[in-house]
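Hi everyone, thanks for coming.

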Amino acid sequence: MPTIVDPMIQVKELNLKYGEAQALFNVTLEIPRRKATAFIGPSGCGKTTLLRCLNRLNDLIENVHISGTIRIGETYVYDPQVDVSDLRKRVGMVFQKSNPFPKSTYDNVAFGPRIFGIRNSRLDEIVERSLRAAALWDEVKDRLHESALSLSGGQQQRLCIARALAVEPEVLLMDEPCSALDPIATAKIEELLHTLKNEYTIVIVTHNMQQAARVSDYTGFFLLGELVEFDETPRIFTNPRDRRTEDYITGRFG
Amino acid sequence: MTRFWRSGEPFIWLTGGAQALSLIMVAGLILLVMANGLGFFWPSDIVGLTLTDGKMVMGQVTQRERIPQPGALPGTADRYRIQVKVGNRDLYGADFVWVEEAKIAKRQTPRDAILIERREWGNLYGVIKEVKEAGSPVAQGPQAGWLALQARVPDATHVAKEIVRIEKKEIGAINYAQEQIRLRLKKLELREITSGPEVDRLKQEMATWQAKYKDQEAALARLNQSQTASVVISAPGDKEKELPLTQVVRAYRPNTMGVLAKTGFYLAKVWEFVSDDPRESNTEGGVFPAIFGTVMMVMIMSLVVTPLGVLAAFYLREYARQGPFVSAVRIAVNNLAGVPSIVFGVFGVGFFIYFVGGTIDRTFFPEALPTPTFGTGGILWASLTLALLTVPVVIVATEEGLAAIPGGMREASLALGATKFETTWRVVLPALMPSILTGLILAMARAAGEVAPLMITGVVKLAPSLPLDGFWPFFHLERKFMHLGFHIYDVGFQSPNVDAARPMVFTTAILLLLVVLVLNLTAILIRNRMRKQYAGSAF
């Protein structure tokens with residue numbers, strides 16, 4: 001484990017069960033501030049489950065049992081006193097399949113701010129800033145009030161990023177954001193991640209090891225619900241400590 | 001051969017055949033109704049028949065049929081008879097006669113023959129003998145009489161309309177006001193106040209209304225006296241009839257009219273049909289109150305059934321813990337859609353009218369008792385009964401819509417910090433609107449066509465006033481109303497004059513189909529607009 005000064009997210013001895021099936025075993029890790037951290041591993045290894053613990057999206061599923069602690073900033077995520085709505089505002093999320101609302105581009109981005117009571121001219125400002133941050137502004141500025149569903153797949157995914165940025169989160173969770181996109185759209189999003197990580201703490205789950213190597217500063221390798229290894233990305237990909245990590249990244253299984 | 005079966009070709013033919021069969025049945029039904037209904041307003045020629053026995057018959061031919069000859073030898077020539085609408089019910093007793101074609105000696109279309117639609121007693125057929133003014137003749141003979149008649153009818157019609165207006169509107173308003181005062185007095189009486197300033201004031205008000213009533217009565221008498229013109233018609237069979245011109249709805253001579261004139265006449269009649277009140281126990285005149293009642297009832301039903309169905313569906317799908325109980329509820333809701341509609345009607349009578357309506361009457365309208373206000377059939381109770389009948393349709397459609405909303409959309413909203421309620425309100429509900437409208441369209445189609453439950457919850461043959469008028473509070477939801485579906489049943493099977501009413505059955509059926517079509521098209525247009533607003537392919 002690398003030593004991380006003043007981590008943004010601290011997970012300690014996290015165990016998670018879906019009913020009887022345990023999905024996470026004793027996960028402990030620290031995620032640094034304003035860096036991109038990638039979770040890699042084969043399907044069903046628990047990386048998405050861990051991601052969805054960070055903004056408590058697992059609450060939607062019945063029969064989930066969690067032990068251990070997660071701290072984001074000063075907040076203990078599973079503290080019963082926590083305002084889930086406020087937590088999710090601070091921890092934004094982008095999903096595997098782009099999921100814009102069936103509304104206009106503008107209304108999609110404005111959705112979050114409106115929930116928190118922002119109106120009128122400040123809203124215009126936020127929409128523009130968020131779309132610029134997601135590198136989408138120039139492509140959609142002339143058709144902000146057309147349906148978001150008429151955008152291309154890559155644009156839709158960047159719209160989802162802009163929508164998440166509009167509520168000014170501290171952390172951005174990304175669940176395989178490029179798995180449904182073509183290489184050009186993927187390249188655009190990766191480029192975007194490079195600029196975003198200067199301001200946000202990014203946690204990205206990916207199946208694509210090259211992507212993890214390209215965009216992240218730190219990488220965690222998961223296998224069967226366990227965090228096998230967590231380290232700086234170059235080290236994971238050039239000199240892994242664990243045999244299983246090496247087997248995975250060299251393509252011996254997975 | 002096996003290859004032919006395996007190719008699936010027969011199955012495609014089977015599906016096409018089923019489709020064609022349904023289309024033929026629907027088209028056949030519509031064609032039958034149209035063929036029977038659309039000709040009704042066409043002013044066909046008046047024929048004058050001289051029979052072999054010297055009798056004269058004058059009227060319009062309505063149908064021709066083969067005379068059944070049971071036991072006749074094969075090869076016997078077919079014999080036919082025609083039905084003639086001879087009108088003049090007050091002179092002959094019946095509107096229609098059957099004439100055997102073999103017994104017709106001469107058939108002509110006399111140019112002098114005139115048809116007068118009257119406010120009472122149906123059509124009058126004959127030839128003008130003279131036109132009178134205050135008892136003394138001003139024009140003699142068919143041609144001069146026709147000109148004199150045409151000159152006087154508009155004036156007479158105007159007076160007749162004025163009389164109706166005064167009777168219905170002015171006197172109606174006075175009666176309404178007096179009834180309100182009577183009820184207020186009764187209310188005071190129930191509180192044991194039989195004298196005092198308030199009672200005196202009301203009684204005084206009553207007296208002023210009474211005076212106004214006298215004024216209107218005098219005006220009516222003046223109007224009646226102002227019209228003294230009448231027309232004398234001679235009809236076959238040496239009959240004569242003197243008719244005051246205020247009784248004339250319209251007079252025309254179809255045998256002198258060209259195709260263009262007849263078309264204009266036809267359109268005028270169609271307009272009268274959709275815009276006028278019925279006459280002669282619904283066999284003549286228009287059906288406007290029935291159209292109005294049908295549309296208003298469907299609207300009230302929609303206003304009730306949509307929120308009810310949508311909320312119930314939301315609970316079942318979003319909030320209830322899925323399990324055997326919710327499954328049982330769902331099955332029960334689906335079965336409710338299969339319960340015969342008359343059962344809902346009986347429920348409506350028992351629960352809405354007797355229980356709810358009776359309670360309302362005892363609580364809020366004790367002064368009107370024993371005359372019920374809400375404790376009897378009315379448009380509100382009929383609409384609520386139909387809302388119950390159609391709520392399963394809305395629930396099922398909404399539930400299916402809810403199930404079809406991608407989970408990612410809700411997650412996206414929740415991940416932005418929206419609560420479950422905000423997600424429902426801002427994301428799920430807008431995306432659900434097309435499904436809700438689909439449910440509503442199905443519910444409206446069902447409700448507009450339903451008759452059985454209405455017959456016991458508020459539909460009547462002839463409603464004296466519309467449920468919406470100029471008197472406070474404008475919507476009179478307790479009033480009984482007319483309905484196109486019931487109108488069809490009534491004129492078709494309950495009419496004293498079945499032959500005269502039969503075409504009305506078909507024209508009313510066309511109208512009901514049109515009303516349903518228009519209501520549905522409106523909803524479909526709204527739904528498509530909503531869909532288009534957000535449409536677009538994902539990739």
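**Between the chains**

Okay, chain B and chain A bury about 2200 Å² between them, with 63% of that on carbon and sulfur atoms; buried area here is the accessible area (1.4 Å probe) that two parts lose on being put together, summed over both. Before I go on: this is a predicted model, where local features need pLDDT of at least 70 and side-chain atom pairs count only at pLDDT 80 or more, while totals for chains, interfaces and linings use all residues. Side-chain values use heavy atoms, without hydrogens and water, residues are numbered from 1 along each chain as its sequence is written, and chains are lettered from A and ligands numbered from 1 in the order written.

Chain B puts 23 residues into the contact and chain A puts in 33, contact meaning heavy atoms within 4.5 Å. How many salt bridges are there between chain B and chain A? Two, counting a side-chain nitrogen of Lys or Arg within 4 Å of a carboxyl oxygen of Asp or Glu. R321(B) makes a salt bridge with E62(A), their closest N and O atoms 3.5 Å apart.

Now, inside chain B. Helix α9 (residues 341-364) of chain B packs on helix α10 (residues 379-404) of chain B at about 135°, axes 9 Å apart. Helices are DSSP runs (H or I, at least four residues), numbered from the N terminus; axes are lines fitted to C-alpha atoms over the stretch in contact, and angles run from 0 to 180 degrees between N-to-C directions. Among the residues meeting there are F344(B) in α9(B) and W381(B) in α10(B).

Methods:
Helix = DSSP H or I, 4+ residues; strand = E, 2+ residues; numbered from the N terminus.
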